[in-house]
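Morning, everyone. I'll take the salt bridges, then the sheet, then the helix. Have the model open while I talk.

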Amino acid sequence: MSLDELTLKIEFGGGLELLFSNQRSHNISIPSRVRKNDSTSLLPLEDDVETKPADITYLIHHLRDHLLKERPELFIENKTVRPGILVLVNDTDWELEGEGEYALQNGDEIVFISTLHGG
């Protein structure tokens, strides 16, 4: 890991893992600073591009663009996770951490759990 990357542990549960290669746990690295528009382009950042610290909103886009294998509409809606998905940041509800604006830290564990069940 370089100083400009964050290493994160990502977990999926409640059926969401089925959208991510049927794998519950992923260790990923993402840039520590990202484009302000949440683009997940792997192109290097130019000097004149507005950036921000990597946050959960960026992470959601990154997961959609690089790990999600099928049916993105079951994971993302209106630039955030769809209703019915619980997000935990280091075992704390993301609503207590600022939701999508939470600035990710190296070593964070982010858990996505679907609370929706068919019936």
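A definition to begin with: a salt bridge here is a side-chain nitrogen of Lys or Arg within 4 Å of a carboxyl oxygen of Asp or Glu. This is a predicted model, so local features need pLDDT of at least 70 and side-chain atom pairs count only at pLDDT 80 or more, while totals for chains, interfaces and linings use all residues. Residues are numbered from 1 along each chain as its sequence is written, and side-chain values use heavy atoms, with hydrogens and water left out.

Salt bridges. The whole structure holds seven. Asp38, Lys52 and Asp55 are linked in a network of them. Within it, lysine 52 and aspartate 38 have their closest N and O atoms 2.6 Å apart. That pair links distant parts of the chain: lysine 52 is in strand β4, aspartate 38 in the loop between β3 and β4, 14 residues apart. Helices and strands, by the way, are DSSP runs numbered from the N terminus: H or I with at least four residues for helices, E with at least two for strands.

Buried or exposed, lysine 52 and aspartate 38? Lysine 52 counts as buried at 13% relative accessibility, and aspartate 38 counts as buried at 12%. The cut-offs are under 20% relative accessible area for buried, over 50% for exposed, and partly exposed in between, with a 1.4 Å probe and protein chains only.

Next, lysine 36 with glutamate 50, closest N and O atoms 3.6 Å apart. Both residues lie in the loop between β3 (33-35) and β4, so the pair ties together parts that are 14 residues apart in sequence. Glutamate 50 is exposed, at 55%.

Threonine 51 is in β4, residues 51-53. Its side chain makes a polar contact with the side chain of arginine 33, at 3.0 Å. A polar contact is a pair of N or O atoms within 3.5 Å; within protein, one must be able to donate a hydrogen and the other to accept it, and residues adjacent in sequence count only if both atoms are side-chain atoms. Threonine 51 is partly exposed, at 26%.

Now the sheet. It is open, with five strands in the order β2-β1-β9-β7-β8 and mixed pairing. β2 (25-31) and β8 (92-93) stand at the edges with a single partner strand each, so one side of each is left without a neighbour in the sheet. Pairing takes at least two DSSP bridges between two strands. β1 and β2 are antiparallel over seven bridges. β7 and β8 are antiparallel over two.

In the loop between β7 and β8 sits asparagine 90. Its phi is near 50°, positive in a residue other than glycine. Lysine 79 also has a positive phi, about 65°, and is not a glycine.

Last, helix α1. How many of its 11 residues are buried? Eight, so α1 is largely enclosed by the rest of the structure. Among them are Ile56, Tyr58, Leu59 and Ile60. Aspartate 55 caps the N-terminal end, with a side-chain oxygen 3.3 Å from the backbone nitrogen of threonine 57. Recall that Asp55 also belongs to the salt-bridge network. Further along, arginine 64 and aspartate 65 meet in a salt bridge at 2.7 Å, N to O. Both are partly exposed, arginine 64 at 29% and aspartate 65 at 39%.
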